[in-house]
Amino acid sequence: MLSNQELENILNGGESDRVEFTESLGDLDKIREAICAFANDLPNHGKPGLVFIGVKDDGNCAHLTIHL
């Protein structure tokens, strides 16, 4: 499991072949495509792919409302 600091470092590094940002769960096709790409791991990273939900493509917070 990744620590909060590791996740923050990955988030600050921007999108890559193992990191995807999406503003909401509304774009399920984008999320599905990212998961398929991560599963294929063509660059052979051997590390998990990460989808950050609530993050704009430029890395800024999408300011989603969290419902508990």
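Which residue in strand 2 does Phe21 stand opposite? I looked this up in the model, which is a predicted one. I found that Phe21 stands opposite Phe52.

**Entry: the strand pair.** I next examined how the two strands are arranged. Strand 1 pairs with strand 2, residues 50–53, in the parallel sense, and the pairing runs over 4 bridges. Between them I followed the chain from strand 1 through helix 2, residues 28–40, and on to strand 2. I noted that this β-α-β crossover is right-handed.

**Entry: the sides of strand 1.** I checked where the side chains point. Val19 and Phe21 point one way, while Glu20 and Thr22 point the other way. I recorded all four of these residues as buried.

**Entry: Thr22.** I then turned to Thr22, which lies in strand 1, residues 19–22. Thr22 counts as buried because its relative accessibility is 3%, and the cut-off for buried is under 20%. Setting aside neighbours within four places in sequence, I listed its contacts: Asp27, Lys30, Ile31, Val51, Phe52, Ile53, Gly54 and Val55.

Entry: I located Asn44 in the loop between helix 2 and strand 2. Asn44 counts as exposed because its relative accessibility is 64%, and exposed means over 50%. I placed His63 in the segment after strand 2. With a relative accessible area of 66%, His63 is exposed.

Terms used
Residues are numbered from 1 along each chain as its sequence is written. This is a predicted model: local features need pLDDT of at least 70, side-chain atom pairs count only at pLDDT 80 or more; totals for chains, interfaces and linings use all residues. Side-chain values use heavy atoms; hydrogens and water are left out. Buried means under 20% relative accessible area, exposed over 50%, partly exposed in between (1.4 Å probe, protein chains only). Contact means heavy atoms within 4.5 Å. Two strands pair if DSSP finds at least two bridges between them. A crossover is right-handed if, with the strands pointing away from the viewer, the path from the first strand over the helix to the second runs clockwise.
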